[in-house]
Protein chains: 2
Amino acid sequence: MINYPIKKTTRKTVSYKNRGMTLEEDINVTNDYYIEHNKAIIHKKPIPIKVVNVQYPNRQSAVIDKAFYVVPSTTDYNGVYKGYHVDFEAKETSNKTSFPLQNIHSHQIEHLINIKNHGGVAFLLVRFTLYNELYLLDADKLEEFYKRSFTGRKSIKREEFAEFGYLVPIGYSPRVDYLKIVDELIKKRSN
Amino acid sequence: MINYPIKKTTRKTVSYKNRGMTLEEDINVTNDYYIEHNKAIIHKKPIPIKVVNVQYPNRQSAVIDKAFYVVPSTTDYNGVYKGYHVDFEAKETSNKTSFPLQNIHSHQIEHLINIKNHGGVAFLLVRFTLYNELYLLDADKLEEFYKRSFTGRKSIKREEFAEFGYLVPIGYSPRVDYLKIVDELIKKRSN
């Protein structure tokens, strides 16, 4: 048996490949792809931060030295696709069997329902990391599961995502082509 | 002549009344009005901030003690109205005769043009503070003035806003009813 010397650079590359991208990274590069290919303009919103104090060490720069994270009142992503307002929240879960609704703020769910009621395309993206499955759940269905949680089950089963949601195609470029599913949702509307 | 004693509370009220609201405040209360009356869901996006360091003095709280402002890549406001994606930037100028285009980032102008090209309703709101006039300029017209600035005039004249834009009605509630103008823009499309 020969022990091949392991180069540091090789190791690095391997560990990087195995690391996997977070859902946020996958969505960001997908949105970049959509913009570059002039398909849609969808951005991640900045994280809301309450600035308490700012220092001005010189005329050109401002350094924030006291600030706090604020609970977001809307979702993370929105934009325009084929004239439609698109709005969604994205979550990952390492859970095997279901997505707990406590993983998403209730006012974010209500925001998605409102957007849907105003004619926008609103949905939830959930990745089950153990299976590397990414589901899109339309706000209509999300509303049903949300209402159910008031009196019953406080999570959405993986099988329910499979039955009532859509499996988002995973590829190289675009990474998570969720607009393919949005096309289906739009087609459904015009029928 | 009688000197009436001036109550501190009265004084406060007077100074508050005279202060006048910034355009941002006016738009925020208008958007709140639209949401409360279920007319539209339009929000101001958080200001983009690059967080460099966070302290955790205890388990419940996170204090950001080093962060910087980042140049925004999109506009300040967006949302959904009657199914349309609405996207705009709002600026005030104390200038008497024109709005200098350097007051808005060029990539923000390009963002508005892109949104328009993807079927969204995109525009610029400009308040001439000296006259208390608020104009809405559609992205179509903004694009023309933007292109002109490459070789010619680098500002949009107040008269040009009056001729090619729309004067936004100012009232008590909603404060700056810009959706009235959006209604006109939508009507124009369907013709």
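This note walks through a predicted two-chain model, point by point.

1. **Ground rules.** Residues are numbered from 1 along each chain as its sequence is written, and chains are lettered from A, with ligands numbered from 1, in the order in which they are written. Because the model is predicted, local features need pLDDT of at least 70, side-chain atom pairs count only at pLDDT 80 or more, and totals for chains, interfaces and linings use all residues, while side-chain values use heavy atoms, leaving out hydrogens and water.

2. **Chain A as a whole.** Six helices and ten strands are found in chain A. Helices (H or I, at least four residues) and strands (E, at least two) are DSSP runs, numbered from the N terminus. Of the 191 residues in chain A, 42% are buried; buried means under 20% relative accessible area, exposed over 50%, and partly exposed in between, with a 1.4 Å probe and protein chains only. Take the contacts in chain A between residues at least 6 apart in sequence: 62% of them join residues at least 24 apart. A contact here means heavy atoms within 4.5 Å.

3. **How the chains relate.** Two copies of a chain are related by a rotation about an axis and a shift along it. The same surface serves both copies, as 100% of the contact residues of chain B recur in chain A.

4. **Strand β4 of chain A.** Have a look at residues 77–81: five of the five residues in this strand are buried. One side carries A:Tyr77, A:Gly79 and A:Tyr81, the other A:Asn78 and A:Val80, and both faces are covered. β4(A) pairs in the antiparallel sense with β1 (residues 41–44) of chain A over four bridges, where two strands pair if DSSP finds at least two bridges between them. In that pairing, A:Ile42 stands opposite A:Gly79. β4(A) also pairs with β5 (residues 84–93) of chain A, antiparallel over five bridges, and here A:Tyr77 faces A:Phe88. The hairpin of β4(A) and β5(A) has two residues between the strands, and A:Lys82 takes a positive phi near 50°.

5. **Strand β7 of chain B.** Which residues of β7(B) lie on each side? B:Val121, B:Phe123, B:Leu125 and B:Arg127 share one face, with B:Ala122, B:Leu124, B:Val126 and B:Phe128 on the other, and all are buried. β7(B) runs parallel to β5 (residues 84–93) of chain B, joined by eight bridges, with B:Asp87 partnering B:Ala122. Six bridges link β7(B) to the antiparallel β8 (residues 133–138) of chain B, where B:Phe128 stands opposite B:Glu133. Their hairpin has four residues between the strands, and B:Asn132 takes a positive phi near 55°.

6. **Two helices in chain B.** The axes of α3 (residues 106–117) and α4 (residues 139–151) of chain B come within 9 Å and cross at roughly 135°. That makes α3(B) oblique to α4(B). Residues that meet include B:Ile109 and B:Ile113 from α3(B), and B:Leu142 and B:Tyr146 from α4(B). Axes are lines fitted to C-alpha atoms, for helices over the stretch in contact, and angles run from 0 to 180 degrees between N-to-C directions. Angles under 35 degrees count as roughly parallel, over 145 as roughly antiparallel, 65 to 115 as roughly perpendicular and the rest as oblique.
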